[in-house]
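Student: Please take a close look at one part of this model: the charged side chains. Cover where they sit and what they pair with.

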Amino acid sequence: MLRAENKQLKSQLEAERKRVTGLEAKLVSAEAANRSLSTRVAAYSETKAVLEDELDDKELEVNKMKGEKQRLKAKYDAK
């Protein structure tokens with residue numbers, strides 16, 4: 001009886017070890033994926049900031065050109 005019980009306990013222990021090993025592998029994989037995604041998010045955030053700065057510069061340029069256009073129009077309309 002003790003042998004059968006011992007064998008069953010060993011079997012349960014082995015199954016539990018396999019389950020834990022599988023969970024550890026999944027955790028490692030999830031952590032790697034998380035690091036990869038975090039790196040991509042950081043890169044996209046940096047790109048977004050650069051593009052926003054470029055957009056601001058272009059908007060300023062467009063506004064400046066509009067102002068110059070209005071001044072020229074007013075100048076020629078006055079003549």
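Tutor: Lys73 and Asp77 are separated by about one helical turn, because they are 4 residues apart in helix α1 (helices are DSSP runs of H or I with at least four residues, strands are runs of E with at least two, and both are numbered from the N terminus). This is a predicted model, in which local features need pLDDT of at least 70 and side-chain atom pairs count only at pLDDT 80 or more, while totals for chains, interfaces and linings use all residues. Residues are numbered from 1 along each chain as its sequence is written, and side-chain values use heavy atoms, with hydrogens and water left out.

The side chains of Lys73 and Asp77 form a salt bridge at 3.3 Å, N to O (a side-chain nitrogen of Lys or Arg within 4 Å of a carboxyl oxygen of Asp or Glu). Both Lys73 and Asp77 are exposed (over 50% relative accessible area; buried is under 20% and partly exposed lies in between, with a 1.4 Å probe and protein chains only).

The structure has 3 salt bridges. Another of them joins Glu52 and Lys48, with 3.6 Å from N to O. Glu52 and Lys48 are also 4 residues apart in helix α1, so about one helical turn lies between them. Glu52 is partly exposed, because its relative accessibility is 39%.

Glu16 pairs with Arg19, and here the closest N and O atoms are 2.7 Å apart. Both residues belong to helix α1, where a spacing of 3 residues is about one turn of the helix. Glu16 has a relative accessible area of 36% and is therefore partly exposed; Arg19, at 46%, is partly exposed as well.

Asp53, Glu54, Asp56, Asp57 and Glu59 make up a patch of negative charge on the surface (patch residues have over 30% relative accessible area and no salt bridge; like charges are joined within 9 Å, nonpolar side chains, namely Val, Leu, Ile, Met, Phe, Trp and Tyr, within 5 Å). Glu54 counts as partly exposed because its relative accessibility is 40%.

For a position elsewhere on the helix, take Leu13, also found in helix α1. Leu13 and Asp53 are 40 residues apart in sequence, and their C-alpha atoms are 59 Å apart in space.

The overall form gives the setting. The secondary structure consists of 1 helix and 0 strands. The radius of gyration is 34 Å, well over the 12 Å that the globule rule gives for 79 residues, so the protein is more spread out than a compact globule (the radius is taken over C-alpha atoms, and the rule is 2.2 Å times the number of residues to the power 0.38). Along the principal axes, the C-alpha atoms fill a box of roughly 115 × 15 × 5 Å. Of the 79 residues, 1% count as buried.

Over the protein there are 18 positive and 15 negative side chains, and the centres of the two sets lie 5 Å apart (Lys and Arg count as positive, Asp and Glu as negative, with His and the chain ends not counted; each charge is placed at NZ of Lys, CZ of Arg, CG of Asp or CD of Glu).

Conventions: Accessible areas come from the Shrake-Rupley method with a 1.4 Å probe; for residues, only the protein chains shown count as cover.
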